[in-house]
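Good morning, and thank you for coming. Please look at the sequence and the model first.

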Amino acid sequence: MGMKKSYLAMKTESSVGSDVIDSDLKEIGIAAKKLANHAIMLGGIGFGTSFLKWIASFAAIYLLILDRTNWRSNMLTTLLIPYIFLSFPSLLFGLFRGDFGKWLSLIAVITRLFYPKHFPDWLEAPAALVLLMVVSPSFLADTIRDNWIGTFICLVIGCYLLQEHIRASGGFRNSFTKAHGISNTIGIILLLVYPVWALILHFL
(Lines give C-alpha, C1' and ligand atoms only; values in the text may rest on other atoms or scores of the structure.)
Protein backbone atom coordinates (compact mmCIF):
# COMPACT_ATOMS: atom_id res chain seq x y z
CA MET A 1 0.00 0.00 0.00
CA GLY A 2 2.83 2.35 0.90
CA MET A 3 4.49 1.74 -2.43
CA LYS A 4 1.17 2.34 -4.20
CA LYS A 5 0.68 5.67 -2.43
CA SER A 6 4.18 6.84 -3.21
CA TYR A 7 3.71 5.82 -6.86
CA LEU A 8 0.41 7.75 -7.07
CA ALA A 9 2.03 10.77 -5.42
CA MET A 10 4.91 10.69 -7.90
CA LYS A 11 2.45 10.34 -10.77
CA THR A 12 0.40 13.26 -9.49
CA GLU A 13 3.51 15.43 -9.08
CA SER A 14 4.66 14.45 -12.58
CA SER A 15 1.31 15.37 -14.13
CA VAL A 16 1.23 18.67 -12.22
CA GLY A 17 4.77 19.45 -13.37
CA SER A 18 3.94 18.67 -16.98
CA ASP A 19 0.82 20.86 -16.75
CA VAL A 20 2.92 23.73 -15.41
CA ILE A 21 5.45 23.29 -18.22
CA ASP A 22 2.66 23.17 -20.83
CA SER A 23 1.15 26.32 -19.36
CA ASP A 24 4.51 28.10 -19.42
CA LEU A 25 5.12 27.02 -23.02
CA LYS A 26 1.70 28.35 -24.02
CA GLU A 27 2.44 31.70 -22.33
CA ILE A 28 5.81 31.87 -24.08
CA GLY A 29 4.08 31.12 -27.41
CA ILE A 30 1.51 33.89 -26.81
CA ALA A 31 4.26 36.35 -25.82
CA ALA A 32 6.26 35.42 -28.94
CA LYS A 33 3.21 36.00 -31.15
CA LYS A 34 2.59 39.41 -29.55
CA LEU A 35 6.24 40.32 -29.97
CA ALA A 36 6.16 39.27 -33.64
CA ASN A 37 2.96 41.25 -34.26
CA HIS A 38 4.39 44.35 -32.60
CA ALA A 39 7.65 44.00 -34.54
CA ILE A 40 5.76 43.66 -37.82
CA MET A 41 3.59 46.66 -36.96
CA LEU A 42 6.57 48.82 -36.01
CA GLY A 43 8.49 47.60 -39.06
CA GLY A 44 5.57 48.51 -41.28
CA ILE A 45 5.34 51.98 -39.72
CA GLY A 46 9.10 52.46 -40.08
CA PHE A 47 8.99 51.29 -43.69
CA GLY A 48 6.08 53.65 -44.39
CA THR A 49 7.97 56.62 -42.94
CA SER A 50 11.13 55.76 -44.91
CA PHE A 51 9.10 55.31 -48.10
CA LEU A 52 7.38 58.69 -47.64
CA LYS A 53 10.79 60.25 -46.99
CA TRP A 54 12.09 58.93 -50.33
CA ILE A 55 8.94 60.16 -52.09
CA ALA A 56 9.21 63.63 -50.52
CA SER A 57 12.90 63.97 -51.40
CA PHE A 58 12.39 63.00 -55.02
CA ALA A 59 9.31 65.24 -55.25
CA ALA A 60 11.47 68.15 -54.07
CA ILE A 61 14.16 67.24 -56.63
CA TYR A 62 11.47 67.03 -59.32
CA LEU A 63 10.18 70.50 -58.41
CA LEU A 64 13.73 71.84 -58.41
CA ILE A 65 14.36 70.44 -61.89
CA LEU A 66 10.96 71.61 -63.09
CA ASP A 67 11.66 75.16 -62.00
CA ARG A 68 15.06 75.18 -63.69
CA THR A 69 13.57 74.29 -67.09
CA ASN A 70 11.39 76.34 -69.38
CA TRP A 71 8.37 75.60 -67.15
CA ARG A 72 9.39 78.25 -64.66
CA SER A 73 6.94 79.02 -61.89
CA ASN A 74 6.91 81.71 -59.23
CA MET A 75 7.72 79.32 -56.41
CA LEU A 76 10.63 80.15 -54.14
CA THR A 77 12.53 77.05 -55.18
CA THR A 78 15.60 78.06 -53.20
CA LEU A 79 13.75 76.73 -50.16
CA LEU A 80 13.78 73.30 -51.77
CA ILE A 81 17.52 73.10 -51.06
CA PRO A 82 17.18 72.99 -47.24
CA TYR A 83 14.12 70.75 -47.63
CA ILE A 84 16.11 68.18 -49.64
CA PHE A 85 19.01 68.53 -47.21
CA LEU A 86 16.75 67.73 -44.23
CA SER A 87 14.70 64.97 -45.86
CA PHE A 88 17.30 63.28 -48.06
CA PRO A 89 17.45 59.52 -47.32
CA SER A 90 20.33 58.62 -45.01
CA LEU A 91 21.80 56.13 -47.50
CA LEU A 92 22.20 58.75 -50.23
CA PHE A 93 23.09 61.50 -47.76
CA GLY A 94 26.02 59.46 -46.49
CA LEU A 95 27.19 58.92 -50.06
CA PHE A 96 27.16 62.63 -50.90
CA ARG A 97 28.66 63.58 -47.55
CA GLY A 98 31.66 61.33 -48.22
CA ASP A 99 34.41 61.48 -50.82
CA PHE A 100 31.94 61.26 -53.70
CA GLY A 101 30.29 64.52 -52.66
CA LYS A 102 33.66 66.15 -51.97
CA TRP A 103 34.85 65.40 -55.49
CA LEU A 104 31.61 66.73 -56.97
CA SER A 105 31.91 69.90 -54.89
CA LEU A 106 35.55 70.38 -55.94
CA ILE A 107 34.70 69.97 -59.62
CA ALA A 108 31.74 72.36 -59.30
CA VAL A 109 33.80 75.04 -57.52
CA ILE A 110 36.70 74.81 -60.00
CA THR A 111 34.35 74.93 -62.98
CA ARG A 112 32.44 77.90 -61.50
CA LEU A 113 35.64 79.83 -60.75
CA PHE A 114 37.75 79.18 -63.83
CA TYR A 115 35.21 78.18 -66.49
CA PRO A 116 32.08 80.18 -65.66
CA LYS A 117 30.83 80.01 -69.25
CA HIS A 118 30.71 76.23 -69.01
CA PHE A 119 28.81 76.33 -65.72
CA PRO A 120 25.08 76.66 -66.55
CA ASP A 121 22.70 78.49 -64.23
CA TRP A 122 20.57 75.41 -63.64
CA LEU A 123 23.54 73.68 -61.99
CA GLU A 124 23.90 76.30 -59.24
CA ALA A 125 21.16 74.90 -57.01
CA PRO A 126 22.29 71.22 -57.21
CA ALA A 127 25.91 72.29 -56.66
CA ALA A 128 24.86 74.34 -53.62
CA LEU A 129 22.95 71.31 -52.27
CA VAL A 130 25.94 68.97 -52.61
CA LEU A 131 28.23 71.60 -51.08
CA LEU A 132 25.81 72.02 -48.18
CA MET A 133 25.82 68.28 -47.54
CA VAL A 134 29.63 68.17 -47.55
CA VAL A 135 30.43 71.20 -45.36
CA SER A 136 27.51 71.19 -42.92
CA PRO A 137 28.59 70.56 -39.30
CA SER A 138 27.52 67.41 -37.49
CA PHE A 139 24.95 69.38 -35.49
CA LEU A 140 23.00 70.01 -38.70
CA ALA A 141 23.87 66.86 -40.61
CA ASP A 142 23.24 64.41 -37.78
CA THR A 143 21.35 66.00 -34.88
CA ILE A 144 18.86 68.30 -36.65
CA ARG A 145 18.30 66.03 -39.64
CA ASP A 146 17.40 63.04 -37.47
CA ASN A 147 15.31 65.10 -35.05
CA TRP A 148 11.70 66.26 -35.08
CA ILE A 149 13.03 69.82 -35.47
CA GLY A 150 14.27 69.02 -38.98
CA THR A 151 10.94 67.39 -39.80
CA PHE A 152 9.08 70.46 -38.53
CA ILE A 153 11.25 72.74 -40.70
CA CYS A 154 10.32 70.56 -43.71
CA LEU A 155 6.64 71.00 -42.82
CA VAL A 156 7.01 74.80 -42.59
CA ILE A 157 8.82 74.92 -45.96
CA GLY A 158 6.15 72.73 -47.59
CA CYS A 159 3.28 74.86 -46.24
CA TYR A 160 4.97 78.09 -47.33
CA LEU A 161 5.67 76.77 -50.84
CA LEU A 162 2.08 75.57 -51.20
CA GLN A 163 0.74 78.96 -50.11
CA GLU A 164 3.04 80.83 -52.48
CA HIS A 165 2.22 78.47 -55.36
CA ILE A 166 -1.55 78.90 -54.86
CA ARG A 167 -1.14 82.68 -54.65
CA ALA A 168 1.04 82.76 -57.80
CA SER A 169 -1.50 80.60 -59.63
CA GLY A 170 -4.34 82.99 -58.79
CA GLY A 171 -6.23 80.73 -56.42
CA PHE A 172 -6.60 77.12 -55.35
CA ARG A 173 -8.68 76.14 -58.41
CA ASN A 174 -6.21 77.66 -60.84
CA SER A 175 -3.35 75.76 -59.22
CA PHE A 176 -5.01 72.57 -60.51
CA THR A 177 -6.17 73.85 -63.89
CA LYS A 178 -3.33 75.99 -65.24
CA ALA A 179 -0.68 74.49 -67.50
CA HIS A 180 1.85 72.59 -65.38
CA GLY A 181 -0.04 73.74 -62.28
CA ILE A 182 -1.22 70.24 -61.45
CA SER A 183 2.31 68.78 -61.43
CA ASN A 184 3.56 71.60 -59.21
CA THR A 185 0.62 71.28 -56.81
CA ILE A 186 0.89 67.50 -56.52
CA GLY A 187 4.64 67.81 -56.02
CA ILE A 188 4.21 70.30 -53.17
CA ILE A 189 1.48 68.19 -51.55
CA LEU A 190 3.91 65.26 -51.58
CA LEU A 191 6.34 67.50 -49.70
CA LEU A 192 3.78 67.82 -46.91
CA VAL A 193 2.85 64.15 -46.53
CA TYR A 194 6.17 62.99 -45.08
CA PRO A 195 6.64 65.64 -42.34
CA VAL A 196 2.98 65.43 -41.29
CA TRP A 197 3.18 61.63 -40.97
CA ALA A 198 6.55 61.68 -39.21
CA LEU A 199 5.44 64.32 -36.68
CA ILE A 200 2.21 62.45 -35.93
CA LEU A 201 4.21 59.28 -35.21
CA HIS A 202 6.71 61.21 -33.11
CA PHE A 203 4.15 62.84 -30.82
CA LEU A 204 1.78 59.87 -30.51
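Of the 204 residues in the chain, 29% are buried, where buried means under 20% relative accessible area, exposed means over 50%, and partly exposed lies in between, with a 1.4 Å probe and protein chains only. Please note that this is a predicted model, in which local features need pLDDT of at least 70 and side-chain atom pairs count only at pLDDT 80 or more, while totals for chains, interfaces and linings use all residues. Residues are numbered from 1 along each chain as its sequence is written, and side-chain values use heavy atoms, with hydrogens and water left out.

What does the secondary structure come to? The chain has 9 helices and 0 strands; helices (H or I, at least four residues) and strands (E, at least two) are DSSP runs, numbered from the N terminus.

Next, the record. UniProt, in an unreviewed entry, places the feature "transmembrane region" at residues 39-65, 77-96, 122-141, 147-163 and 184-203. Its positions are given in the numbering used here, feature names are shortened, and annotations may be inferred rather than shown by experiment. Among these spans, residues 184-203 are 100% helix and 0% strand, with end C-alpha atoms 30 Å apart. Residues 77-96 are 75% helix and 0% strand, and their end C-alpha atoms lie 21 Å apart.

Let us turn to α7, which covers residues 148-169. Why does its length agree with expectation? At 1.5 Å a residue, the 22 residues of α7 should span 32 Å, and the end C-alpha atoms are 31 Å apart, which agrees. The expected span here is 1.5 Å times one less than the number of residues. At the N-terminal end, Asn-147 caps α7, with a side-chain oxygen 3.1 Å from the backbone nitrogen of Ile-149. Such a polar contact is a pair of N or O atoms within 3.5 Å; within protein, one must be able to donate a hydrogen and the other to accept it, and residues adjacent in sequence count only if both atoms are side-chain atoms. After α7 comes Gly-170, whose phi is positive, near 85 degrees. The buried residues of α7 include Thr-151, Leu-155 and His-165.

Thr-151 leads us to the largest pocket. Which residues lie nearest its centre? They are Thr-49, Lys-53, Thr-151, Tyr-194 and Ala-198, out of 16 lining residues. On a 1 Å grid over the protein atoms alone, a cavity is a set of points where a 1.4 Å probe fits but cannot get out, whereas a pocket is an open set with protein on both sides within 12 Å along at least five of seven lines; lining residues have an atom within 4 Å of a point. The largest pocket holds about 310 Å³ of space. Helices α1, α7 and α9 each supply at least two lining residues, and α9 gives the most, with 5. By class, the lining has 7 nonpolar, 6 polar and 3 charged residues.

Tyr-194 belongs to helix α9 and counts as buried, at 5% relative accessibility.

Ser-87, in helix α2, is buried, with a relative accessible area of 0%. A polar atom of the Ser-87 side chain lies 2.8 Å from the backbone oxygen of Tyr-83.

Is Arg-97 buried or partly exposed? Arg-97, in helix α3, is partly exposed, with a relative accessible area of 22%. Arg-97 and Met-133 are 36 residues apart in sequence, yet 5.5 Å apart from C-alpha to C-alpha.

Ala-108 lies in helix α4 and counts as buried at 17% relative accessibility. Between Ala-108 and Ala-128 there are 9.1 Å, C-alpha to C-alpha, and the two are 20 residues apart in sequence.

Note on methods
Points joined across faces, edges and corners; volume = space filled by probe spheres on them. Nonpolar A, V, L, I, M, F, W, Y, C, P; charged D, E, K, R; others polar.
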